[in-house]
Amino acid sequence: MGQAKKNTIDEIGKRTYTSFARINGDHPFKSQVPGGCVEYKARHRRGGKVAFFNFDLAKEMGLLPKSHPAQLNPELEREILETFSLVIINEYDVMNNVKVTEEDVYPKTFMATRYLQLQHPDKSGRTSGDGRSIWNGTVRANGITWDISSCGTGATKLSPACNINKKFYQTGDPSISYGCGLSEVSEGLETLFFSEVLNKNKLRTERILAIIEHEKGLGINVRANPNLMRPSHFFGHLKQGNHATLKQVADYYINRQLENKAWPLANFRNDKDKYFSLAREVARSFSEAAARFEDEYIFCWLDWDGDNILMDGGIIDYGSIRQFGLFHAEYRYDDVQRFSTTILEQKQKAKYIVQCFVQIADFLTTGKKRSLSSFRNHALLGFFDHHFNECKDRNLLQKIGFRKEQQELLLKGNRSHVAKFRKAFTYFERAKSKRGLYKVADGVTRDAVFCMRDILREFPQLYLTRQALLPAEDFIEVIRSSYARRSDLRLTPIRCKQIARFQDTYLALVGALARVTGTDRKHLLLELTMRASIINKYDRVTGDSISFIVQKVQKVRPKLPPQELFELTRQFTTYQNLNPDQKRAQDTVPGRHRNILQNFYSIVRDCREGI
Amino acid sequence: MKLVLFSGGGDGENLDLDRAFVEVLNKRNPVVTFIPSSSYLSEQEFKVFVKHYSKYRISRFIHFPIDVPFDRIMFTEVMRSDAIHLAGGNTFYFLRSLRRAKLLNELRRFVERGGVLTGLSAGAILMTSDIDMAGYPDFDRDENSVGLKNLSSLGLVDFAFFPHFRNSTRYDTVFKKYSKVKKKLIYACPDGAGIVINGPELRFIGKTFAFSEGHKFVIN
């Protein structure tokens, strides 16, 4: 290992990639919330290879100059490995005097943060937190401070295994899986593909900066986000009634949000104003996120510990994240001891998290911890419901293909039309198969029978072409999914009425907008035709498709240098960018990789209606 | 039979061909179907296509990717449309997709019924009897990345068509040779040029070159 991490300051100016030298374990959370983390010494882990590096993200974070080619040179590779290929010296190592070469030891400590996790027996956050991750540090560029953390850097004392079995584990102990402190390259690849697609589609998410590969498919997955704090970072201290640490966490978080301009600059009148502003921001973010998850069919296991989500409603930990092709509203992930929430239950869980933040605000303001139930009628929960509904309406108008300013006009003056269309839309979206609930590989599900993307994509084209409403039989033919059985598609009087209602209310929206804007209805429908064909693309990625794609990548990866994997990811995310206003990207994939991409596309197509 | 073969080119380059297309179409408020060579980012191409032909007061369009499954309703509407446009792209992939979707005969029938079929670059090559021209010459060809062996295509015209032609000795040499050996008539068009077939009439728009029995001719 070079000396960069030992003499950070000396090295700056002598090296090409100086920004990496600042990622050395230093993190403001350590000093501002001393009770919120456990610090570990760490040593360089030899034998690592860079399997992936996100050049675009690195440029955004200021780690690389904008002009840097998407090529990994030996110096950059060395920097990445020296910075991120590390393993903590944990309690087991210390107690057993595990020998470490002195020159391999990093000069500064790295923190594992404490947060609430429901799989811990303690259930109050005293023993839980980052079980196999550490925080590498922060970098600041273009007015934004980024958090960087790595998963797979060794077993900490905050892992469930350590606390359930009441012993410290050696990193890599084969007798336990999750608790051994390591992670797999495939986990990083899943996160990479999924998060880059969601990020391209403007969903908040952690992102993968680098994947370091070690032997036997193990690796370190380096992730970044402008703020990696989760609700669970607050909830542990709330559960314990630890006012001092909870206040430190809240102050730390608020400062970062203001520093990053993620919130409008605020001059808080007093503590009450400050902490209720925090609760309000959480209510806003979580109502938006819950509505978006529901409308994009994203299954994100929200639960009372607030562990699987970031404070701004961003996605973190892709282990159980899925995106469904249809509204499979009864899918539940089987986590051995219990089943997860369903996609429809996410809203209530999100609201519950908001309620907890109201409790936190009150606790921090008054110094007294009142029961959670005493906040069940708080105004911020009303705000949550109101904002959730507003987001649902906006999301639906976006799906139809209306531009932002058109959405505003419709929401302002024609809310009743929007509500009526949403009702008809929801009728079809939530229709379930008569097959009932059944087991799948990782849980249980009940199939949705209609594909709303198909009807939203085809309806404006068909209506423009025919200049007439679709007969019920044709409507069903377009909207039916591969999951639908004949009995699911029966044209009952109610269904026929709903088919007519869907088309009437859709056209009423178009008509209303045409009147307000003085635009020809045909032109609006034509615009919707174009935009809806992108937004409701036939082949949209699902959780299953990501898993299969990662299996393919794993097969070809021995011959795939990091920069080529980066290019493949970039091409794939461009193809999955459903923004109708995007500019088409240049095709830069080498010819030999076209087959791999074709393979990806056909996987996405085959899995497009699944889970 | 109503066909328009576009070589290629940007928005303003095909003005005369576009006018000829609208003339051949000869219908108020027609329905035009856009078939992309591949569904990959085809929604963007469709957007460009719609914006372009909206200038000709066409307002009814269908986007019909064929390398993804499609429903019967859309297919029926496509076959009822007044014009179908076969877009540019990889000719081998496009032909394979048309064949897999069983659309070659459907398109022939569409043309027989009086529908206007237009094609740009790869789309134009597909109207000929085979897509040999897509793999020729060596220095300017589509990659047969799908390993297509059966290159026979729609066979709507009895000549070969070469798009994006550049008037140079290099091309002259290979096309003269090809026309002699294969005994085929080749029409080679630079971007902005093309061929319009309206019943018995065959019209060349823009500068077109013909290669026949080892000789080169300049048309227009």
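Modeller: Chain A is divided into domain 1 (8-225), domain 2 (241-389), domain 3 (401-535) and domain 4 (543-606), with bounds that come from an automatic or database domain assignment. This is a predicted model, where local features need pLDDT of at least 70, side-chain atom pairs count only at pLDDT 80 or more, and totals for chains, interfaces and linings use all residues. Residues are numbered from 1 along each chain as its sequence is written, while chains are lettered from A and ligands numbered from 1 in the order in which they are written.

Biologist: How many residues of domain 2 of chain A are in contact with domain 3 of chain A?

Modeller: On the domain 2 side 10 residues, in contact with 13 residues of domain 3 of chain A; contact means C-beta atoms, placed from the backbone, within 7 Å. The centres of these two domains, taken over C-alpha atoms, are separated by 31 Å.

Biologist: What residues make up the domain 2 side that touches domain 3 of chain A, by class?

Modeller: That side has 6 nonpolar, 1 polar and 3 charged residues. Nonpolar covers Ala, Val, Leu, Ile, Met, Phe, Trp, Tyr, Cys and Pro, charged covers Asp, Glu, Lys and Arg, and the others, Gly among them, count as polar.

Biologist: Switching to the core. Which residues have the most contacts inside the largest nonpolar core?

Modeller: A:Ala210, A:Ala279, A:Val354, A:Phe357 and A:Ile360, in a core of 230 residues. Such a core is a set of buried Ala, Val, Leu, Ile, Met, Phe, Trp, Tyr and Cys residues joined through C-beta atoms within 7 Å. A residue is buried if 20 or more other C-beta atoms lie within 10 Å of its own, exposed if 12 or fewer, and partly exposed in between, with C-beta atoms placed from the backbone.

Biologist: Which helix gives the most to this core?

Modeller: Helix α10 (residues 271-295) of chain A, with 11 residues. Helices (H or I, at least four residues) and strands (E, at least two) are DSSP runs, numbered from the N terminus.

Biologist: And what does A:Ile360 touch?

Modeller: Leaving out residues up to four places away in sequence, A:Ile360 touches A:Phe234, A:Leu238, A:Leu246, A:Ala250, A:Tyr275 and A:Ala279.

Biologist: On to the chains. How many residues of chain A are in contact with chain B?

Modeller: There are 24 from chain A, in contact with 23 residues of chain B. In chain A, α15 (452-466), α16 (472-479), α18 (521-535) and α21 (594-606) each supply at least two residues of that side. α18(A) gives the most, with 6 residues. The chain A side divides into 9 nonpolar, 6 polar and 9 charged residues.

Biologist: Where does A:Asn201 lie?

Modeller: In the loop between α7 (185-200) and β8 (207-213) of chain A. A:Asn201 touches A:Asn577, A:Leu578 and A:Asn579, with residues up to four places away in sequence not counted.

Biologist: Why does A:Asn201 count as partly exposed?

Modeller: Because A:Asn201 has 18 C-beta neighbours inside 10 Å.

Biologist: Last one: is B:Gly214 buried or exposed?

Modeller: B:Gly214 counts as exposed, because it has 12 C-beta neighbours inside 10 Å. The loop between β10 (208-212) and β11 (215-219) of chain B holds B:Gly214.

Biologist: How far is B:Gly214 from B:Ser179 in space?

Modeller: They are 5.6 Å apart, C-alpha to C-alpha, and 35 residues apart in sequence.

Terms used:
Contact = placed C-beta atoms within 7 Å.
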